[in-house]
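Subject: Handover of a structure and notes on its contents

Dear colleague,

Please find below the structure that I am handing over to you. My notes on it follow directly after.

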Amino acid sequence: MSFSAPSPKTLIHYFKVFKAYTGYKLFISVWLSLAVSVVEGFGIALFYPLLAENKMVGQSDSRFFTVLYDIFDALHIPLSFNVVLIVILVVFILKGLLKFVQETYNAYLSTIVARDFRKRIITSFELMDYRYYLKTNTGLLTNIVTVEANAATSTFKFYCQILSSIGYIAAFFILSLAVNWMITLIAMSFGGGALLILNYFSDLSRKYSYSGTRENGRLQSLLIQSIQFYKYLTATATYGILKEKILEPVNTLANLGFKIALINGFVRSIAEPLVLAFVVGIVYFQVSVLGNSFSSIIISIILFQRMMNMMMNFQGVWQSFCSTQGAIDMVTKTIEEIEAGSRDANEGMDLSFEKQIEFKDVSFSYNSKALFSGLNIRIAKNAAVAFIGESGAGKSTLVDLLTGMLCPDQGQICVDGVNLNEVSLQGFRQKIGYVTQESVVFNDTVANNISLWKSPTDGADKDAWKGRVEAAAGDSFSKEFIHAMPEGYASSIGDRGVSLSGGQRQRLAIARELYKNPEILILDEATSALDTESERYIQKSIELLKGRTTLVIIAHRLSTIKNCDYIYILKQGRIVEQGKPDDLLAYEHSEFKRMCSLQQISAKGVQ
């Protein structure tokens, strides 16, 4: 059975983890804990002169007490009963003040750690590699921010208490050695034995902690899905099936929580009886076996009792640390994984998009499956370019490559001849507007959805902002339904835009991109889930934008792309046909013509 206390390697590892967030401040916490323990130990030692003055203890041959008397002589402080009482009182008042400063400072550090944990996690999301996002459970990511960050903060609190306990034990050990080395060695053997006995429970707590972290992530994922698909689950009376899945981690977490609480309660409950048993054993050995008087060892017994209490407290704190250790490990591991594969989107050169975007012999695979091979595409500035094809043809992956979310395995994506890898992605993406099939709307007002919370406070600027919001709403043909809402632009649209129809949500999403005034507007299946009337409104918006901005339209409904300048037809990751709509329709065996026929769209309808 291994020793239950943390190894120096473990302590140093977590010191580095927490120092990354607290900096030099963690050293101050360590020194404060040492100061508290030294002052308390000195205060207890002062009881010896007090008892000696009243002949309650005999003379000690300990070098420590000789030095103590010399200190009082050097300071010209008489060792009278009243004076010693006052000195003891002053020392313990000082200890109390230091303890208060230490606790307050540690609470301050805990606040820093809690804040910076979340800030670093949330910031890392911005830099997250898209492939990592695709393979990661979203429940795990939300759990890291909402639950595990709190647990990691508790881990830091326990770590501070561990450092404090180590300081106490070290100070009292040195003081006990100076007063009575024999009792000290006996105490350490007792303490070591106790820690060995309790080691098994520490291992269990650590194991349950890791299991709890995993189950929390699973619960978060299932809860998110139950809320996202609430309408479907309720309408089809299938919520009960998912509910049973949700209750699995709920029950598991309840059982794990009970087991951890049981272990921690057991460790805390046996601490005092163990200490008392050790004290009784020491007294018996010193008095009955060695023949010493009880009065001669009373100070040693007090120091021993305090040291044993701290050793038991240390074990309890270590137990608590183990019960939350999984959280800090999970948080740091996730952050490291995200940051390891991330690229700072601000790195690279800034450039203005003046001519064209080119895919040059681009190949890309995902999970060993080749999606593109030798892809060559040209998108001229202010042109309307469409990519069409069946589901699974690679259209959305193409958009991910265009926005820099994914990087090609081979070949280059160039903007005005500059490789996208050398460009500031943040700067490039600021030129992009993006409307997806699933409307991106936020639980806020119409105006904040359009401007993305860029409302100014200055009066003149606010008028200009309001004009931009209304112009974007007009160009997206959203004004009519916005004015019909109770508070117009100040109306809240509810969670995921529940108060709007699908077409209205999509037009609102387009309004946000028009407010942004992008140089490149990507419409990724933006009309595939809409009715004919809603699609017509969006087609009108596209008409208004043609020639003003670069339009990249992904679609399998050909009515959406009827006035595009150039069309690429994708099939199984390859371009099987490309050209102007008129030219493609003029070719008898054209794939585009065949697709128009299947969708009952006439040549006139796509011109």
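What is the volume of the largest pocket? In this predicted model, the largest pocket has a volume of about 1,800 Å³. Its lining comprises 45 residues, and those closest to the centre of the pocket are Glu126, Thr403, Met405, Arg429 and Tyr434. Several elements each give at least two residues to this lining: helices H5, H6 (130–135), H7, H12, H13 (425–429), H14 (446–451) and H17 (502–516), together with strand S6 (432–436). Helix H17 makes the largest contribution to the lining, with 6 residues.

In soluble globular proteins, nonpolar side chains tend to be buried together. The largest nonpolar core here has 49 residues, and Phe18, Phe117 and Tyr159 are the members that touch the most others. At least two residues of this core come from each of the helices H1 (8–22), H2 (25–45), H5 (81–127), H7 (138–179), H10 (239–289) and H11 (298–340). The largest share belongs to H11, which supplies 16 residues.

Setting aside residues up to four places away in sequence, Phe117 touches Phe18, Tyr21, Ala149, Ala152, Thr153, Ile328 and Val331. There is also a second, separate core, which has 42 residues, among them Val435, Val469, Ile542 and Ile569.

The sheet and the helix packed on it

An open sheet is formed by 4 strands in the order S2-S1-S4-S5, with antiparallel pairing. Strands S2 (369–380) and S5 (418–419) are at the edges; each has a single partner strand, so one side of each is left without a neighbour in the sheet. Strand S5 is joined to strand S4 (residues 410–415) by 2 bridges, and these two strands run antiparallel. Within this pair, Cys414 stands opposite Asn419 in S5. Helix H12 (residues 395–402) packs on the sheet and touches S1, S2 and S4, and its direction makes about 120° with that of S1.

Ser363 in strand S1

Strand S1 (residues 356–366) contains Ser363. Is this residue, Ser363, buried or exposed? Ser363 counts as buried because its relative accessibility is 12%, and the cut-off for buried is under 20%. Apart from its neighbours within four places in sequence, Ser363 is in contact with Phe372, Ser373, Gly374, Pro408, Asp409 and Gln410. The C-alpha atoms of Ser363 and Cys407 are separated by 9.5 Å, although the two residues are 44 residues apart along the chain.

Most residues other than glycine have a negative phi. Asp361 lies in strand S1, and its relative accessibility of 49% makes it partly exposed. Asp416 likewise has a positive phi near 50° in a residue other than glycine. The location of Asp416 is the loop between S4 and S5. With a relative accessible area of 24%, Asp416 is partly exposed.

With kind regards

Technical notes:
Residues are numbered from 1 along each chain as its sequence is written. This is a predicted model: local features need pLDDT of at least 70, side-chain atom pairs count only at pLDDT 80 or more; totals for chains, interfaces and linings use all residues. Side-chain values use heavy atoms; hydrogens and water are left out. A nonpolar core is a set of buried Ala, Val, Leu, Ile, Met, Phe, Trp, Tyr and Cys residues joined through side-chain atoms within 4.5 Å. Buried means under 20% relative accessible area, exposed over 50%, partly exposed in between (1.4 Å probe, protein chains only). Contact means heavy atoms within 4.5 Å. Two strands pair if DSSP finds at least two bridges between them. Axes are lines fitted to C-alpha atoms, for helices over the stretch in contact, and angles run from 0 to 180 degrees between N-to-C directions. On a 1 Å grid over the protein atoms alone, a cavity is a set of points where a 1.4 Å probe fits but cannot get out, and a pocket is an open set with protein on both sides within 12 Å along at least five of seven lines; lining residues have an atom within 4 Å of a point. Grid points are joined across faces, edges and corners, and a volume is the space filled by probe spheres set on the points.
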